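Dear colleague,

I am passing on the structure below, and after it I set out what was found, with the cut-offs given where each term comes up.

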Amino acid sequence: MSQPTNGPRGPRKPGDQPVYRLRHRQWVFPERRFARDLEALRDEHPPEAGWEPARLAYLDLFRDAYRQGRDFLRQRYEIGASGREIVRGHALLTDRLLQNLWRMLADYLAHERRRMSLCLAAVGGYGRAELHPHSDVDLLLLHGDTAEVAAAFAEPLLHFLWDVGLPVSQALRTPEQCVGDAHDDLTIQTSLLEARLLAGDEDLYGQFHDRFRAEALIDGDAFTAAKQEEQRIRHARYGGPVYNLEPNVKESWGGLRDIQLLYWVARYRFDVASLRELMTRGILTAAECRALTRAQEFLWRVRNGLHYAAGRNENRLLFDHQHELAAEFGYRDGTATLAVEKFMKRYYRSLRQVVALTNIGLRTLEQALHGPPVRQLGPELALRGAYLEAVKPEHLTRDPAGMVPFFVEAQEREPLSPLGAETLRALWTGARAVDASVRGDARVRSGLLRILTRPGRVAKILRPMNTYGVLGRLVPEFGRIVGQTQHNLFHIYPVDEHTLRAMEIADAFFRQDPEVTGDSPLACRLAPQVRRPEVLYLGLMCHDIAKGQAGDHSVLGARVARRLARRLGMDAEDAETAAWLVHEHLSLSQISQKRDIHDPEIIGEVAARVGTAEHLDLLFLLTEADMRATGPKVWNTWKAQLLGDLYANTRQALHAGNPGDARERARRMQRRISQALAEEGFDTRTVRAHLKRVDRDYLLHYHPEELIQHTRTLVNPAQATVVEVAPHSRAGGTEILLYTPDRPGLFTLVTGVLAALGLNILEAKIHTTRDFWALDTFLVLDQEDQPVADPAARANLRERLQAALTQPGVAPSPPGRQTFRERAQRHFPTPVQVTFYPSASGQQTVAEVVAPDIPGVLHRIAGVLSEQGCEIHAAKVATFGERTEDTFFITREGMPLDAPEARQALARAVREELEPQAVSG
């Protein structure tokens, strides 16, 4: 590719005006009719009579023209007009209104204009002749006199524009001030870089143009570095190099601002005036330019739609607008994916194109100006300055299979240098040439497997392969999940991004990175012991690879993993292990959060499911990486503790051959508690007497540290009813220990108090001693999903619970029905589902309730269970974005709830309690 050609820089020259190639141009602005109407008004209100008598008549004319032009463009949008037509149409309409107003006012305010150099320029996005329906109209009023004299003409002009309805923002400066302000403020410099003369003194604008070029645009390297740092900060603020649920179409990663960054740098250095000129100047190829133009066109259409939907300058793709725009863009719900998911998939894929192509353009500009000699590093690699290049990038285009050996060799680099422009271009082009013959090439199969065998370095290579389209072409099953979204509040990243993040976390486990060793010590200990890391990485690559397809994605994904493993040359055993990991990838997280992980029956089930310690290790690593990569609020210390305890219990069962006799395990626990407290000076007989009062389930369903702490508190209670509120020693939450005479409705009362205090209940365990005292524990977090850290807040919580338990009638009211999260309720309705199944021991019934995440949902369900005569023995709460999955272990009159009619009545009562919440908002 030819090198970029140089040229003049800076604002457009006075005679350099945009060409508006618009169909139906006369309907956007009727130039001839408007000129006749102006002339008629001039005859009716001659300039010598003054401006104020004529102002209202002119205002009506300009308002009507502005409204009619905007209405016409809205109609064009609604019938599918291009994004370009709308943004250029609004720019044309605004140009003509301003130019006619300028000429007309010059006659009426001749005294104010006398002997004055003055002109009007468009700056910012309007300077590029791009205006979205509610974008600001940025103007520069240049003057050659004092600001006070210039304001005599400028103020009537601006007030008139505001009254017309144009969202004008303006600056009043001399050419000297423009240069000075541009030196001091990067935003002003960037805005003036796009300046375009609209009306007025061409000589004055020419002075500004020449001085700005000569005095303000003097350090392209500093400008580029500053704009890229600005981009880095912007990405961090609006979502970084990942996505979020409601992205900003202008400011987020891959948004319109990233295209503008390439344009600004190219304009500063080479006077580029449009995306098309990026091609003519040699910055992008014709194919790259077409692809970037298509991405910009789609984002323009999205932004136009947002402005119309919101009726204002709205750039956030809010849930409200996602559904509306999906319908406007012609997407319809399918059997496996929603219309909004299809729309967002296209949106995210457009962002990825923007990132890939703007990176190519920016590095082309940088390396063209600062291209040191190439230093070869190996058969495939060379170093050009700070950038890593293929030795012969053009070969990657002609022989796409050669891209994989390049990445294999690049994977050895530590750290991996950024890739150079010609290599990025070759990868982007080569990816589009990948076909079945390329996928079947031995270099591709062996190379992809080789990449997966290097733990700690896998994701750093797969991420650029994904960004530039290589990975999805070589592995088309992965290509189908690129940009694939799941329309809920739990999965906040598209599937490909989530998958790469999970692999990055696995890399961190293998490298023992400091950011994960503190809260994932077990994973960091297990990872280096994995014999075949490629099996784990293939499992991670495929664990969600069937998302967006009709059917169970775990089952379908397992088939893909098995097929892909064989394609890459894995042996049959490893292929089956990878497929098993994908099939089971949800089991540990679901069991740890919904079942009793200390129940010997549950432990035995998990041990039978995993079969071997090696399988358990692999599944644990995949599960933790998957959970941590789902979203910033998904992983916490409590979930880590649950998963770790389940792993430890299962590992012990695998070692022993079975979970052990429950009676003997309870006895061992009693001895351990007695010994620990005897060493602290507690009376052994008193401790044993207390332990005889508790049942076996209590001793089996807590960690030894928790049981020791409970006994320490309860063996010599200071008062009859004990309420202890303290940081949980292991779970990263706040534990509430209650010890009080048992009575009906106790669980409902306590959950009501906690809900009224705004606390989120993660887990509740309910036990009754042999002499009928309630011994209950609750693990809670505050409204920010953090432990209750303030001692005063914990003291208040203790006092409120103590009062509720000992003073009838003082319990606060539960949260009202209007406290449901309105946005989630509108956009992510969750039908209430109630499922029953026997507990592992068969002595209880497990009732699982899927419901909207209503504040106090646990309390509401507990109230229904109590009204239906059920005893609650334990409860676990799992929150997944907009929904909760609450699990209750219940009996009625000491027996499991087996009768179908009883279960149906209970399920109906729960739905009647909760479903109105989904309607009332």
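Arg 375 has Leu 383 of β6 standing opposite, and β5 and strand β6 (residues 381-384) pair in the antiparallel sense over 3 bridges, where two strands count as paired if DSSP finds at least two bridges between them. Strands here are DSSP runs of E with at least two residues, while helices are runs of H or I with at least four residues, both numbered from the N terminus. β5 and β6 belong to an open sheet of 3 strands, in the order β5-β6-β7, whose pairing is antiparallel. Because β5 (374-376) and β7 (387-390) stand at the edges, each with a single partner strand, one side of each is left without a neighbour in the sheet. From one strand to the next the twist averages 35 degrees.

Please bear in mind that this is a predicted model, in which local features need pLDDT of at least 70 and side-chain atom pairs count only at pLDDT 80 or more, whereas totals for chains, interfaces and linings use all residues. Residues are numbered from 1 along each chain as its sequence is written, and side-chain values use heavy atoms, with hydrogens and water left out.

Strand β13 (residues 845-852) is joined to β15 by 8 bridges, the two running antiparallel, and Thr 845 has Ile 890 as its bridge partner in β15. Strand β14 (residues 871-880) also pairs with β15 in the antiparallel sense, over 9 bridges, with Thr 879 opposite Thr 884 in β15. Of the 9 residues of strand β15 (residues 883-891), 8 are buried, so β15 is largely enclosed by the rest of the structure; buried means under 20% relative accessible area, exposed over 50%, and partly exposed in between, with a 1.4 Å probe and protein chains only.

Turning to the helices, α28 (residues 533-542) and α29 (residues 553-568) pack at an angle of about 135 degrees, with their axes 9 Å apart; axes are lines fitted to C-alpha atoms, for helices over the stretch in contact, and angles run from 0 to 180 degrees between N-to-C directions. That makes α28 oblique to α29, since angles under 35 degrees count as roughly parallel, over 145 as roughly antiparallel, 65 to 115 as roughly perpendicular and the rest as oblique. The contact (heavy atoms within 4.5 Å) is made by Leu 538, Met 541 and Cys 542 of α28 and by Gly 557, Val 560, Ala 561, Leu 564 and Ala 565 of α29. These residues divide into 7 nonpolar, 1 polar and no charged, where Ala, Val, Leu, Ile, Met, Phe, Trp, Tyr, Cys and Pro count as nonpolar, Asp, Glu, Lys and Arg as charged, and the others, Gly among them, as polar. α28 is mostly covered, with 10 of its 10 residues buried.

The axes of helix α4 (residues 83-108) and helix α14 (residues 286-310) come within 8 Å and cross at roughly 60 degrees, which makes α4 oblique to α14. Gly 83, Arg 84, Ile 86, Val 87 and His 90 of α4 meet Glu 297, Trp 300, Arg 301, Asn 304 and Tyr 308 of α14 in this contact, whose residues divide into 4 nonpolar, 3 polar and 3 charged.

For the chain overall, there are 43 helices and 15 strands, and buried residues make up 57% of the 921 residues.

With best wishes
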